[in-house]
2 protein chains.
Amino acid sequence: MAPKYLTGDHAAIDSFINQFELASLGIPSNPEEVFTSAYSSAVYIAGFLDASVRRNKVFVLGEAGIETELRSKGIQFIGGTDPSYRRDITAEDYKLIADGSLLDDTVGVVLVGLDLHINYLKLAIAYQYLIRGSIFLATNTDSTYPSNKTLFPGAGSISKPLVNMFNIPPIALGKPSQEMMDAIEGNFKLDRQKTCMVGDRLDTDIKFGIEGKLGGTLLVLTGVSKKGDWEHNDAAAIPAFYVDKLSDLRG
Amino acid sequence: MAPKYLTGDHAAIDSFINQFELASLGIPSNPEEVFTSAYSSAVYIAGFLDASVRRNKVFVLGEAGIETELRSKGIQFIGGTDPSYRRDITAEDYKLIADGSLLDDTVGVVLVGLDLHINYLKLAIAYQYLIRGSIFLATNTDSTYPSNKTLFPGAGSISKPLVNMFNIPPIALGKPSQEMMDAIEGNFKLDRQKTCMVGDRLDTDIKFGIEGKLGGTLLVLTGVSKKGDWEHNDAAAIPAFYVDKLSDLRG
């Protein structure tokens, strides 16, 4: 079976492929085989939303990748890349948000991913949907993601203003969420016992593989988690194997 | 002595005056007498930054009110309302932020207040200043602020993406910070024993008055804290007095 790649968002795919030097290893790294947490979010939402539910629309804080996945499952959404939300909040908006006339009362889910166009207007609107009873979902809760040898704000940081206002954390659909594991298993018909999870974070990747009862887990030390991090008492997970870098597997 | 008003930001002044019905009570409510946490932030920064420090500039996430206060203390800053930061992040930005060429290496403080123009670019830049050693300050940590009978994102929610990425909370200069109390005492020459703190939040307003050893504290039940909240074991503070609404003091 060809390798499958699990990541937070399509925006992170390039940095991901670079980090693991997949091309130089001769490992296929077709973006089509990247399975994002946006996809597992769409699978999860499709599981409880359908046309029979009146509040069947999703308000999206995120980019085109999330929209593509929602569309593939026939899920209606607003927000996302809609340019009408990419603007400053006005004095009039305060009134229209408060009295509900700027809101769509068929929204029943707020889904937050990596939104490179996060702004005050969208946060204010998303908060109203939450206090009016929408389900709070996050594609993933990664605080940062690596790019150009430093870190940039991740999807988990984009959702934090809402978590702080609403006081209840979102259901996170990225690693280590087992909703993502179930979605992958259904999609690729994989045999868990013959599957190895390879990743660079104990708290998401390795935990995901262990809780999903995969055949193995391999930590690669080119990312966030460092050698010996699994020896701490509060280690998020213990990998079955580790390598300094993926190319150590050659030869 | 005329009443003084302590609030998070100039943007909140109108809703504040409305909430407490100050005009109908005949209580003077001159915006000049509103003392903001932006002012106490400026006083605090002026205490350790001066021209002799090489990294003497502040990177601001916030609006014009903060800039006014910084200017009044002769503090240099960048960011804030500068339109060049009010735009989408580009692929080129990732490189220039990572290699530092988009950064000003004389920045030594990141100050986050209520920023109605929060965006991804500013968060990515502020994070770089933090990991390069800047001091992390917040004008206040209010999660929300009331307007039009609902809640909107407060300064404390604007700083949360950075708190989540940096993993260290900011020094908060708003209530209940005693840096703010000291700044007020110095500014108005007030006699703490003859001063009563009036407010609607136990965890900020009432705590601020008690820790500042003011003569009294009065909780008004028109806002966030509810009757009896101070009877819980984990109550943030116990007010000396309370009223349902400020106008109950009449007659």
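Predicted model: local features only at pLDDT ≥ 70, side-chain atom pairs only at ≥ 80, totals over all residues.
How many salt bridges are there between chain A and chain B? The count is zero.

Chain A can be superposed on chain B by a rotation of 180° with 0.0 Å of shift along its axis, and the RMSD is 0.1 Å. That is the relation of a two-fold axis. The two copies meet through the same surface, because 100% of the interface residues of chain A are also interface residues in chain B.

What does that surface consist of? Chain A puts 34 residues into the contact, and chain B puts in 34 residues. Between them the chains bury about 2,800 Å², with 65% of this area on carbon and sulfur atoms. On the chain A side, the residues that lose the most area to chain B are Tyr94(A), Tyr120(A) and Phe152(A), which together make up 23% of what that side buries. Although salt bridges between the chains number zero, ten residue pairs are in polar contact across the interface.

In soluble globular proteins, nonpolar side chains tend to be buried together. Here the largest nonpolar core has 63 residues, and those with the most contacts inside it come from both chains: Phe59(A), Tyr120(A) and Leu162(A), along with Phe59(B), Tyr120(B) and Leu162(B). A second, separate core has 14 residues, including Ala42(A), Val60(A), Ile75(A) and Leu137(A).

Beyond its neighbours within four places in sequence, Phe59(B) is in contact with residues including Ile78(B), Tyr85(B), Val107(B), Leu111(B), Lys122(B), Ile125(B) and Tyr129(B).

Finally, what about the cysteines? Cys196(A) is partly exposed, at 43% relative accessible area, and Cys196(B) is also partly exposed, at 43%. Over all chains, a search of the whole structure finds zero disulfides.

Notes:
Residues numbered from 1 in each chain as written. Chains lettered and ligands numbered in written order. Heavy atoms only, no water. Core = buried A, V, L, I, M, F, W, Y, C linked by side-chain atoms within 4.5 Å. Buried < 20%, exposed > 50% of the residue type's maximum accessible area, 1.4 Å probe, protein only. Contact = heavy atoms within 4.5 Å. Disulfide = S-S within 2.5 Å. Least-squares fit on C-alpha atoms with pLDDT ≥ 70 in both. Buried area = accessible area lost by both parts, 1.4 Å probe. Salt bridge = Lys/Arg side-chain N within 4 Å of Asp/Glu carboxyl O. Polar contact = N/O pair within 3.5 Å; in protein donor to acceptor, adjacent residues only side chain to side chain.
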